[in-house]
Amino acid sequence: MSVKKFIRERFFPHIWCQGCGHGIVLNAMLRALSALGISKNEIVVVSGIGCSARISGYVDFHTLHTLHGRALAFATGVKMSLPGLNVIVPMGDGDALAIGGNHFIHAARRNIDMTAIVMNNRIYGMTGGQFSPLTGYGMKATTAPYKNIDHDFDIAELSRAAGASYVARTTTYHVQQLTEMIKEAILHDGFSVVEVLSQCPTNFGRRNKMGGAVEMMESYKSLTTPIGSKAKQENPALIERGVFVQRELPEYCSEYNAIIEKLKKGTEK
Amino acid sequence: MSRMRFVFSGSGGQGVITAAIILSEAAVLYENLIAVQAQAYGPEARGGATRSDVIIDDQEILFPKVTQPNFLVCLTQEAYHKFSPIVRPGGTILSDTRFVTIHKKSDARQIQLPLYETIMNEIKKPIVLNICMLGAVVALTQIVQQDSILNVLERRIPHEFIEMNKKALDLGIAMGESQRM
Amino acid sequence: MTQNIKFIQGNEVCVEAALYAGLTFYAGYPITPSTEIAEHLAIRLPLISGTFIQMEDEIASICAIIGASLTGNKVMTATSGPGFSLMQEGLGYAIMAEIPCVIVNVQRGGPSTGLPTNVSQSDVFQAQWGTHGDHAIIAMTASSHQDLFEITVDAFNMAETYRTPVILLLDEVIGHMRERVFIPEPGELPLVERLKTAFKEGVDYHPYLPREDGRLPMSDFGGIHRFNVTGLVHDMWGFPSNNPTIAKGLMHHLIDKINNNVHEIARYKEYHMDDASIILVSYGCSARSARHVVENRRKRGEKLGLIELQTLWPFPMHVIRNRCANARYILVVEQNMGQLVHLVKMNVARPDKVFLCNRIDGVFISPTDIRNVLRVIQGRGV
């Protein structure tokens with residue numbers, strides 16, 4: 001399957017470090033889109049600021065590279081105007097849940113049809129390794145040099161509580177699952193969240209003595225388990241992978257359109 | 001015509017602002033006059049002192065606030081205390097007998113009408129107190145035709161409430177007429 | 001009664017004019033004293049198949065209208081001081097990415113939450129310099145409902161002409177006051193529609209390559225051309241660039257397209273200026289009181305004149321320079337600690353002859369306030 005047609009080769013090489021997980025996410029996203037057979041003109045990619053957000057520049061879709069944390073708000077304006085297009089929002093963990101946390105929960109609450117791919121590398125990578133809301137207690141970062149005393153979010157639980165109608169989690173190690181989840185998320189009618197654990201060997205792994213990219217990816221294999229597995233019961237520290245939420249809820253653009261249609265009938269009478 | 005400056009005052013929920021808007025709208029839309037209406041906003045949705053200014057003229061009105069009204073309406077004691085000192089000498093203060101006890105000393109003509117009592121006896125709905133008051137104002141000032149007020153009411157108010165409002169307006173007009181000099 | 005005459009609040013006039021100008025998308029967050037704009041558009045926009053959306057805050061509101069504008073909508077948001085502060089980030093983005101939008105700020109007392117229900121004109125400088133970085137902006141205001149209608153339509157037209165955000169700097173007095181407005185028939189006021197590229201699908205299209213006249217014929221986002229939009233310094237493809245030549249060229253383009261057209265953008269009114277020796281300069285609600293004084297003094301034979309500015313940014317310095325050259329005194333009337341007065345001083349030969357008449361207590365400046373300052377200037381005592 002060729003995904004090269006989706007790439008803006010003119011703008012390569014990309015800015016990501018060797019071993020970064022984000023390229024794997026990009027690859028999975030393009031494979032998902034290729035498998036779905038959606039034409040390039042029907043895809044909008046909106047991103048904020050950060051390493052992950054640079055994805056928008058590299059792909060030959062309608063791409064909107066916006067402000068830190070605000071991608072979902074821009075995307076809401078685009079989607080409400082062009083509900084027929086597929087809107088994908090690749091986000092970093094800080095972008096989505098620190099500066100953009102409010103926009104994230106409200107986009108989920110509206111259940112507006114778009115796909116947020118949260119590339120969770122647990123760090124602000126582009127700016128050199130400051131802690132994010134996903135860094136986790138006890139970890140180290142340039143702004144938590146002794147240890148981090150901030151606790152992290154559970155993105156899946158947060159998304160569920162906020163009203164997202166599709167929520168899934170996997171890692172860059174589980175590339176087949178990742179591709180399948182992105183496909184499902186794009187097909188899902190409503191706000192979908194795919195959290196991807198994505199390694200940052202340069203600014204998270206190195207500082208927290210996790211080894212290089214290979215070791216970090218291996219840890220994604222050993223430290224995660226399918227949702228509801230026996231292993232999870234035996235070892236609650238394992239991180240669950242899989243689809244947490246998949247429910248049918250009224251979608252925002254459709255609901256708005258229904259109001260317009262109702263008003264039209266009212267004025268015809 | 002000489003410029004008329006009104007201040008309508010009372011407490012939030014009494015409809016004094018609505019009455020002010022209806023009066024000025026009638027002047028502008030049906031009598032080809034110039035009017036501006038402004039109101040003081042507080043943080044409360046209900047209660048608190050409410051004030052709305054209306055200026056009506058046949059000439060352009062630039063400064064839209066009223067500093068010295070020719071005609072002051074007070075539907076609460078608080079409003080009366082607060083605003084009766086600003087009325088123009090020779091102006092008129094209209095207040096409700098139930099809600100306001102008037103000071104004897106004033107350079108204005110003071111008119112007290114049993115607006116609330118009449119409404120409660122005849123219609124039994126306090127919500128139309130403001131329209132009754134407006135009837136009295138129109139009768140006392142002759143600033144606009146009654147029909148102009150009716151036209152505005154018919155446009156603004158749901159059909160089923162028109163009769164009640166018309167009745168309140170007529171009651172107010174009758175009370176106002178009785179006090180005309 | 002004709003249907004075209006309405007007796008409505010300034011905020012509602014803004015709504016009527018925006019719809020007249022072709023508004024199809026509004027996103028906002030409620031805030032006094034601008035909320036009536038959102039409330040009326042919540043009713044009106046769905047009726048014309050337009051979009052109204054109440055966002056989670058003002059940051060999201062401006063981002064949403066930018067996204068919607070890119071796809072080809074005429075867009076607007078409305079707010080007041082605290083919300084306008086939050087919008088500064090998005091405002092800069094719209095300037096950089098050249099996205100037409102109209103941002104209404106119905107000014108109230110500040111700083112911070114300030115005086116939510118009282119009048120002020122203290123966001124004049126924020127309108128120009130609120131967002132970071134070198135840039136040019138268009139900001140407009142009006143003092144009567146009829147002017148407000150036309151200026152609002154102008155604001156939409158300028159946003160389209162220059163592909164830039166335009167700020168409508170209203171105030172609590174104008175926003176909440178009701179007076180008569182005549183709604184023109186469709187076609188009576190000229191409307192500027194978006195300039196779009198003639199390039200067909202499949203051509204190597206440069207979204208950020210301006211024409212020779214500085215205008216940018218852009219393809220609607222999500223349409224036949226796929227391109228990138230960013231808030232970073234970018235090249236003609238819309239791609240991020242650190243190239244100094246590209247950075248310099250872009251900065252000049254963004255600033256020159258507005259500042260070089262100040263003569264076209266400047267809107268102002270003059271009253272009794274031909275032989276005026278004392279000139280009042282004012283704008284927005286304050287101009288009503290200023291004109292009240294000028295008209296009354298003229299009846300007494302005093303040579304007072306008024307320049308009412310409707311375009312505040314880019315500052316129409318040529319108007320002040322040319323029209324105030326022979327003034328004995330210039331009195332700037334505004335509801336702040338003195339903002340526009342600095343710009344007037346910068347553009348006259350004798351800044352020591354420029355005085356300020358202001359109020360900062362949330363009370364609408366009255367003709368009496370202005371008369372009191374005039375007494376002092378004219379040497380008639382305090």
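Modeller: Let us begin with strand 9 of chain A, which pairs in the parallel sense with strand 10 (residues 239-246) of chain A over 3 bridges. Two strands are said to pair if DSSP finds at least two bridges between them. Strands (E, at least two residues) and helices (H or I, at least four residues) are DSSP runs, numbered from the N terminus. Within this pairing, A:Thr225 stands opposite A:Glu240.

The model is a predicted one, in which local features need pLDDT of at least 70 and side-chain atom pairs count only at pLDDT 80 or more, while totals for chains, interfaces and linings use all residues. Residues are numbered from 1 along each chain as its sequence is written, and chains are lettered from A and ligands numbered from 1 in the order in which they are written.

The pairing belongs to an open sheet of 9 strands, in the order 9(A)-10(A)-7(A)-8(A)-4(A)-3(A)-1(A)-2(A)-10(C), with mixed pairing. At its edges are strand 9 (224-226) of chain A and strand 10 (228-230) of chain C, each of which pairs on one side only. From one strand to the next, the twist averages 20 degrees.

Helix 1 (residues 22-36) of chain A touches strand 1 (43-47), strand 4 (114-120) and strand 8 (191-197) of chain A, and its direction makes about 155 degrees with that of strand 4 of chain A. Helix 3 (residues 71-81) of chain A lies across strand 1, strand 2 (62-65), strand 3 (86-92) and strand 4 of chain A, and runs at about 175 degrees to strand 3 of chain A. For such angles, axes are lines fitted to C-alpha atoms, for helices over the stretch in contact, and the values run from 0 to 180 degrees between N-to-C directions.

The end of the sheet at chain C deserves attention. Strand 2 of chain A and strand 10 of chain C run parallel and are joined by 3 bridges; in one of these, A:His65 has C:Thr230 as its partner.

Of the 2 pairs of chains that touch, chains A and C have the most contacts. Chain A and chain B do not touch, and their nearest C-alpha atoms are 18 Å apart. Chain C does touch chain B, through 17 residues from chain C and 20 residues from chain B. Strand 1 (5-9), helix 8, strand 9 (178-182) and helix 11 (284-299) of chain C each give two or more residues to the side of chain C that touches chain B, and helix 11 of chain C gives the most, with 4 residues. By class, that side has 7 nonpolar, 5 polar and 5 charged residues. Strands meet across this contact too: strand 2 (residues 34-40) of chain B pairs with strand 9 of chain C in the antiparallel sense over 2 bridges, and B:Val36 stands opposite C:Glu179.

Finally, we turn to another strand of chain C. All 5 of the 5 residues of strand 12 (residues 278-282) of chain C are buried, so this strand is largely enclosed by the rest of the structure. A residue is buried if 20 or more other C-beta atoms lie within 10 Å of its own, exposed if 12 or fewer, and partly exposed in between, with C-beta atoms placed from the backbone. C:Ile278, C:Leu280 and C:Ser282 point one way from strand 12, and C:Ile279 and C:Val281 the other way. Strand 12 of chain C runs parallel to strand 13 (residues 304-309) of chain C, to which 5 bridges join it; in strand 13, C:Ile307 is the bridge partner of C:Val281.

How values were computed
Contact = placed C-beta atoms within 7 Å. Nonpolar A, V, L, I, M, F, W, Y, C, P; charged D, E, K, R; others polar.
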